[in-house]
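My notes follow the display.

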Amino acid sequence: MTLFVQQLVEGLTSGAIYASLALALVFSFRSTHVVNFAQGEMAMLSTYAAWQLTAWGLPIWAAIAAALAISFAGGAAIYGVLVRPMTHSSVLQIVTILIGLFIALNSLAGFIWGYLMKSFPSPFPDWRWTIGEVGIGAEAAGIALLLMATIGALYLLLEHTKLGLGMRAAAAAPESSRLVGIPVNALLTVGWGIAAALGALSGVMVAPSLFLDPGMMLGVIIYAFAAATLGGFDSIAGAIVGGLIVGVAENLTATYVPGIGADLKIVVALVIIFATLLIRPNGLFGREVTARV
Amino acid sequence: MAADNRRKNVVSLSTAGKLALLAVLLGVIPFGLPSYMVGQFSLAVVYAVAILGLNMITGYVGSISLGHGAFFAVGAYVAAILMHRYGWDPYTPIPVAGLVCWVAGLLFGIPALRLRGLYLALGTLTLAVTVGPVLKRFTGVTGGSQGLFVGTPLAPANLGIGDSQWVYLFVLAVAGVMFLVARNVIDRGLRRALVATRDNEIVASVMGVDLARYKSLTFAVSSMYAGVAGAMYTLVVGYVSPDSFPIMLSLSFFVGAVIGGLTSISGAVYGALFIQFVPVWASDVDRALAGFVYGGALIAAMLLMPDGVAGLIEKLRRRPDDGRTGKTGSRKKASRVFLERCGSLAQRFSVSFLPKK
């Protein structure tokens with residue numbers, strides 16, 4: 001029983017990280033209706049930026065905050081330069097550009113910082129509590145708290161501010177919003193900026209345990225895809241629920257299903273993605289989209 | 001009269017060009033270059049077959065597949081296992097690998113092709129990711145992380161050519177057959193059905209194209225091409241391991257297909273040359289530069305020449321007098337085509353940057 005609860009806790013911890021990257025995917029999806037294949041690499045670059053700031057002497061929380069701001073600007077820039085001109089192109093062209101971005105960003109990190117792993121300082125203290133026989137580290141608790149704070153901030157932004165209302169309108173009905181005078185392009189750009197900042201957050205949370213190298217986010221992004229697919233690509237609640245489910249499923253499958261060790265865990269993501277897309281393509285919380293012929 | 005002359009010129013240029021091409025392919029490359037470069041060209045030929053398969057499903061049918069490397073890996077491992085465990089020769093596994101991948105492609109394609117656009121891309125990308133771990137897991141069959149070493153074949157003694165030359169000419173012959181089959185089947189027979197499927201599925205189905213069947217069968221054939229290419233990879237390299245088939249391989253095939261020209265047979269050749277030789281040149285400068293060139297070239301190609309190198313060549317060769325200018329015999333110079341593309345690109349940018357008034 002203890003093992004189960006322990007694995008559950010660890011699954012929820014990784015699930016929180018997948019959830020925040022899935023949130024990033026959802027935010028960029030709402031702007032463009034395309035899955036941002038490069039989200040993980042953007043997050044990786046942001047994490048490198050944070051690392052560089054700490055290497056230059058900035059305290060860790062200041063570095064993280066600065067990296068979030070830089071990522072916001074970077075995400076907005078990428079949207080404006082690469083994605084918005086392609087809004088009316090075919091899916092193939094947009095996917096191709098995003099994959100090009102994926103490859104280019106990965107190499108950019110290798111070019112600037114090299115391929116040796118670097119250790120990333122953890123923003124959380126090194127404590128560990130035990131409840132009964134289950135241990136919870138300060139890291140896990142900190143990640144959970146950060147995620148909840150993020151969700152709270154996003155909720156306040158989207159539901160209780162004019163900016164948030166505008167963003168929701170711009171994502172849901174861009175043409176009508178333009179007619180009403182909402183600056184749709186600016187708001188979609190803000191959406192991508194927020195997505196980039198969310199990605200940076202997930203990168204920073206995962207870096208202390210995974211160690212920083214250009215391939216760091218390659219595994220995480222697959223689970224984030226699974227989480228966003230499961231929850232529905234246009235649903236924020238879905239991203240969070242999906243992320244937690246994927247994290248728990250990954251951990252429990254690795255522990256309890258014979259034959260699937262740590263190596264084959266990724267198959268769980270494959271199964272989740274395919275099962276969701278074939279059974280309930282819009283995910284658990286996504287909206288059904290019907291198109292007129 | 002002028003038109004007839006020009007047509008004749010085009011034909012004779014083509015014939016002379018074809019002879020020159022054959023001379024290069026059969027003479028210069030295998031016998032004029034050092035061994036290691038012949039090996040690189042052999043790999044380029046192998047990649048061309050793989051990319052041709054990808055062109056079929058992503059270019060002609062329009063279903064984005066980011067998992068092509070997975071079938072390539074399956075083909076390579078089928079050949080390696082047959083050679084390593086069962087002592088087969090290097091040549092017979094090739095059609096076997098093709099068959100296995102045809103079946104695998106059909107099995108995977110039937111459920112997968114019910115997905116659309118970017119969801120299919122996502123699903124196939126995940127397939128590409130799972131190949132490595134699965135290969136590492138079943139150590140008994142696949143040799144695990146260490147891989148399988150099978151060695152490269154020796155040239156037949158009575159031919160009097162070197163080993164790398166023999167391998168190159170062999171894969172070239174197989175590739176030639178694969179390309180011929182593709183050209184005859186696709187460009188003549190199925191092209192209209194497939195492109196109609198890609199461009200407007202609803203209309204295509206109304207017109208009687210059995211979408212599901214065409215898509216699944218094309219996916220199966222495309223995987224078969226990847227499998228044949230994979231088996232040839234084992235023959236050329238002589239060693240397979242899970243690390244030989246990372247996600248980047250699937251993405252490289254995609255890059256090659258796009259840059260070469262997706263809806264074209266010849267595009268596969270340009271794409272293969274790109275993905276084989278650009279990393280070689282770029283890594284002379286800097287290891288990370290290759291990826292940057294890849295990604296940058298992909299983005300540039302999508303913005304400037306979405307039909308790839310093959311499409312650009314086709315545009316330059318086509319007669320520009322479609323009734324509008326009345327001038328016959330003037331060909332658009334490459335620079336004009338390029339400037340026009342830049343102009344339309346700038347237009348798109350200025351539309352997005354200028355504030356709406």
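**Core.** I began with the term I needed: a nonpolar core is a set of buried Ala, Val, Leu, Ile, Met, Phe, Trp, Tyr and Cys residues joined through side-chain atoms within 4.5 Å. For burial I used relative accessible area: buried is under 20%, exposed is over 50%, and partly exposed is in between (1.4 Å probe, protein chains only).

Before going on, I noted that this is a predicted model, in which local features need pLDDT of at least 70 and side-chain atom pairs count only at pLDDT 80 or more, while totals for chains, interfaces and linings use all residues. Side-chain values use heavy atoms without hydrogens or water, residues are numbered from 1 along each chain as its sequence is written, and chains are lettered from A and ligands numbered from 1 in the order in which they are written.

The largest nonpolar core has 185 residues. The residues with the most contacts inside this core are Phe27(A), Phe37(A), Phe225(A), Leu66(B), Phe72(B), Phe245(B) and Phe253(B). Helix 2 of chain B (residues 35-60) gives the most to this core, 16 residues. (Helices are DSSP runs of H or I with at least four residues, strands are runs of E with at least two, and both are numbered from the N terminus.)

I then looked up what Phe27(A) touches, where contact means heavy atoms within 4.5 Å. Leaving aside neighbours within four places in sequence, Phe27(A) is in contact with Leu154(A), Leu158(A), Met167(A), Gly191(A), Ile194(A), Ala195(A), Leu198(A) and Ile236(A).

Ala226(B) sits in helix 9 of chain B (residues 211-237). Ala226(B) counts as buried because its relative accessible area is 0%. Not counting residues up to four places away in sequence, Ala226(B) touches His68(B), Phe71(B) and Phe72(B); Phe72(B) was already on my list for the core.

Thr47(A) is in helix 2 of chain A (residues 39-55). Buried or exposed? Thr47(A) is buried, at 0% relative accessibility. Apart from neighbours within four places in sequence, the contacts of Thr47(A) are Phe120(A), Ala200(A), Gly203(A), Val204(A), Ala207(A), Leu212(A) and Met216(A).

Thr276(A) belongs to helix 11 of chain A (residues 266-279) and is buried at 8% relative accessibility. A polar atom of the Thr276(A) side chain lies 2.6 Å from the backbone oxygen of Ile272(A). With neighbours within four places left aside, Thr276(A) is in contact with Thr229(A), Leu230(A), Pro281(A) and Gly283(A).

**Salt bridges.** My rule was a side-chain nitrogen of Lys or Arg within 4 Å of a carboxyl oxygen of Asp or Glu. That gives five salt bridges over all chains, and I looked up some of them.

- Glu175(A) pairs with Arg178(A), the closest N and O atoms being 2.9 Å apart. Both lie in helix 7 of chain A (residues 174-180), three residues apart, or about one turn of the helix. Glu175(A) is exposed at 53%, and Arg178(A) is partly exposed at 30%.
- Glu159(A) pairs with Arg168(A) at 3.9 Å between the closest N and O atoms. Glu159(A) is partly exposed at 42%, as is Arg168(A) at 31%.
- Lys136(B) pairs with Asp243(B), the closest N and O atoms being 4.0 Å apart. This pair links distant parts of the chain, 107 residues apart: Lys136(B) is in helix 5 of chain B (residues 117-137), and Asp243(B) is in the loop between strand 2 (239-240) and helix 10 (247-260). Lys136(B) is partly exposed at 35%, whereas Asp243(B) is exposed at 58%.

**Where the chains meet.** The contact takes 47 residues from chain B and 49 residues from chain A. How many salt bridges are there between chain B and chain A? The count is zero.

The largest share of chain B's side, 14 residues, comes from helix 5 of chain B. By class, that side has 32 nonpolar, nine polar and six charged residues. (Ala, Val, Leu, Ile, Met, Phe, Trp, Tyr, Cys and Pro count as nonpolar, Asp, Glu, Lys and Arg as charged, and the others, Gly among them, as polar.)

Notes:
Polar contact = N/O pair within 3.5 Å; in protein donor to acceptor, adjacent residues only side chain to side chain.
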